Amino acid sequence: VIIATLSQGIVALNRTTGKPIWRNNDGETFIGNGTLHNDLIYIGARGKMFKINSKTGKTVWCYTFGDAHPQAQPTVAGEKLLFGAWDCNLYCIDCQSGIKLWQWNNGSKNRLYSPGNVIPRVAEEMVMIVAPDRYMTAIDLNTGDQLWRIKKRRVRESTGLSGDGNIFYAKTMDGEMIAVPMNTDSYTELWCTDVGWGYDHSFCPLICHNGVIYMANRRGKVAAVSEDGELLAVGKFANSAANDLRIDTSDNMWISFIEGTVWRLETLNNSR
């Protein structure tokens, strides 16, 4: 079990006994959600992105870029690592060397509009992000060139990707889920479904499983929408924002809320 902490670095524990295996204190403060890929951890600290060997805890490389936090889970796309930070930038780093390949800036002087807590979604040669500036942006994976950028609906930070990687899902601040095809020359909306809960600013990512997309809000609700935009179910389980959604190997969905509760929910099957 690997845990990132605010004051004690990253700690690996034996999942049976709870005893420490290794500790990495190379980062000042780890507040981000790391990515584990091929026994390697990619995780951000203030102004830094780390690549750490998950078996030994040793830092392979550290890319330093400033004083902002990269908060969300980085994305590994082939030999590229993508992450946003609270400095209005999206970064692309070479996974092997830790060298920056490109950097995209949203043009804002307000750090609160940064893609700092957004998971970059990648399909083939396109990177898709949303951010608190309410824009949806498509970026070329290889060059970092902006392909298109639109402010049509009030998207913020919550996104997901279909199982085949062809459809990008996003939650709006008006309680809607929208579906947009990847690798298009311009913004194209397949559908927009209002789940009925109104204004929302929760950052919890969306997750797609067996033809159903799930999203959660700031007041403990979870909605299930089919891949063709039909609202299947809405349930209330808590009174606070959800942190994350995960699906286990038995098709159970696990969700934790800021108030300190963890729920195991049955998933729906909408395969057609």
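**View 1. Strand S24 at the largest pocket.** Strand S24 supplies the largest share of the lining of the largest pocket, namely five residues. Strands here are DSSP E runs of at least two residues, numbered from the N terminus, while helices are H or I runs of at least four. Alongside S24 (242-247), at least two lining residues each come from S8 (75-77), S12 (121-123), S16 (155-161) and S20 (207-209). Please keep in mind that this is a predicted model, where local features need pLDDT of at least 70, side-chain atom pairs count only at pLDDT 80 or more, and totals for chains, interfaces and linings use all residues. Residues are numbered from 1 along each chain as its sequence is written, and side-chain values use heavy atoms, with hydrogens and water left out.

**View 2. The centre of the largest pocket.** A pocket is an open set of points on a 1 Å grid over the protein atoms alone, where a 1.4 Å probe fits and protein lies on both sides within 12 Å along at least five of seven lines; lining residues have an atom within 4 Å of a point. Here the lining counts 30 residues, and nearest the centre you will find Asn 33, Gln 73, Ile 119, Asp 244 and Arg 246. The volume, the space filled by probe spheres set on the grid points, which are joined across faces, edges and corners, is about 890 Å³. Sorted by class, the lining holds 16 nonpolar, ten polar and four charged residues. Nonpolar covers Ala, Val, Leu, Ile, Met, Phe, Trp, Tyr, Cys and Pro, charged covers Asp, Glu, Lys and Arg, and the others, Gly among them, are polar.

**View 3. The second largest pocket.** This pocket holds about 320 Å³ of space. It is lined by 15 residues, with Ile 2, Ala 4, Asn 33, Gly 34 and Ile 43 closest to its centre. Two or more lining residues come from each of the strands S1 (2-4), S4 (35-37) and S5 (40-45). S1 gives the most, with three residues. By class, the lining has nine nonpolar, five polar and one charged residues.

View 4. The protein chain has 26 strands and zero helices. Its C-alpha trace spans about 45 × 45 × 35 Å along the principal axes. Of its 272 residues, 52% count as buried, meaning under 20% relative accessible area with a 1.4 Å probe, protein chains only. Among contacts (heavy atoms within 4.5 Å) with a separation of 6 or more, 39% join residues 24 or more positions apart.

Key
Buried < 20%, exposed > 50% of the residue type's maximum accessible area, 1.4 Å probe, protein only.
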